[in-house]
Amino acid sequence: MGLAPIQFDRASGALEGANLWERTAALALATGSKISSHFSHRGYNHCANLLRKTLPQRDIAIKLNTDAVFAFPYGDGYWSKLLNRAYTYEDELELLFLGAVDVDYTFIDCGANYGYWSVLVSSAPFGAHRVIAIEPSSQNFAKLANNATINSGRFEVMQCAIGAVRGTANLTGTKHEAFSIAGSVEGGEQVPVIALDDLIDDGKIAASGKYLIKLDVEGVEVEAIKGGTRLLATDSMILCEEHGHDRNHTVSRYILDQTPLQLIVYDPASGRLETVKELSILDRIKVSTHVGYNVFGTASAFWQDRINALNAGGTRRMQ
């Protein structure tokens, strides 16, 4: 048996079960996030991961809200920013999910990592939605499954990658947040691949309904979209990561030019979710080359109306 997880409540700031050095580290991790937030957290992951080497190997379980607990290895560079209570992770997604609390939709979390969004979207404050969390890495999947367990097993987990067609692929990478089946690098882990439409064929989801589909699949977003033609013809919306260093805006360009989907992006300048007609807007929005930006794609009148309602209600609170 390993050490019991440290407990941290984001609402109150209470930290429990930590020794003096672990408390000191928590202060350093939170302060580092506050300082590095002024330059898109550049360098934070690296420094946090160095600090992690000095800490006992144990988890921290963060209470995200009254009905959501998210656990990860203490000191993890990617997720430790959550110790900074002012930090919001992918706030444009939080805006969308909170704006759809009353909608009866299923959330399909592709590239779920440890399950942050699966934990939140299945929680009561976010509407307690049905969630299918999909993650190919066996290393990440163990942590994803643990997060399902500590949240009463309320979301389904699947260990596979998402691609254009069913098959197998080689998963490689050195960072848990950036494992990918893109490319043909030797080594790595052999993983099964399914297409989004296979979820319909396999009876996981219905061929009609409302869906929000997060595609954080590290370089195979276009392949994933190709494999979801039927699913994307439902009342569905895809939430795709467009990486800051991709100045060609590959994912957005494909959605705009090769699919019937409307392309939508949050524009900090207007404080609105804007329908994109011309990709040059992304040159202005994607200011940091080392982070991802979320773009939305939908052909659904229902989700387009919901976006309009969010804009009418005012989205500037994200800033």
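Ala-161 sits across from Val-193 of strand β10. Strands here are DSSP E runs of at least two residues, and helices are H or I runs of at least four, numbered from the N terminus. β8 and β10 (residues 189–194) run parallel, joined by 2 bridges; strands pair if DSSP finds at least two bridges between them.

Zooming out, the open sheet has 3 strands in the order β8-β10-β9, with mixed pairing. β8 (161–162) and β9 (167–171) are the edge strands, each pairing on one side only.

## About the model

This is a predicted model, with local features needing pLDDT of at least 70 and side-chain atom pairs pLDDT 80 or more, while totals for chains, interfaces and linings use all residues. Residues count from 1 along each chain as its sequence is written, and side-chain values use heavy atoms, leaving out hydrogens and water.

## Helices α1 and α2

Helix α1 (residues 20–36) packs on helix α2 (residues 44–52) at about 175 degrees, with the axes 10 Å apart. The axes are lines fitted to C-alpha atoms over the stretch in contact, and angles run from 0 to 180 degrees between N-to-C directions. That angle makes the two helices roughly antiparallel (over 145 degrees).

On the α1 side, the contact (heavy atoms within 4.5 Å) includes Trp-21 and Leu-29. From α2 come Tyr-44, Ala-48 and Leu-51.

## The buried face of α2

Tyr-44, Ala-48 and Leu-51 are also the buried residues of α2 (under 20% relative accessible area, 1.4 Å probe, protein chains only). They fall within an arc of 60 degrees seen down the axis, so they line one face of the helix; the arc uses directions from the helix axis to the C-beta atoms. These buried residues pack against α1.

Definitions and conventions:
Parallel < 35°, antiparallel > 145°, perpendicular 65-115°, else oblique. Buried < 20%, exposed > 50% of the residue type's maximum accessible area, 1.4 Å probe, protein only.
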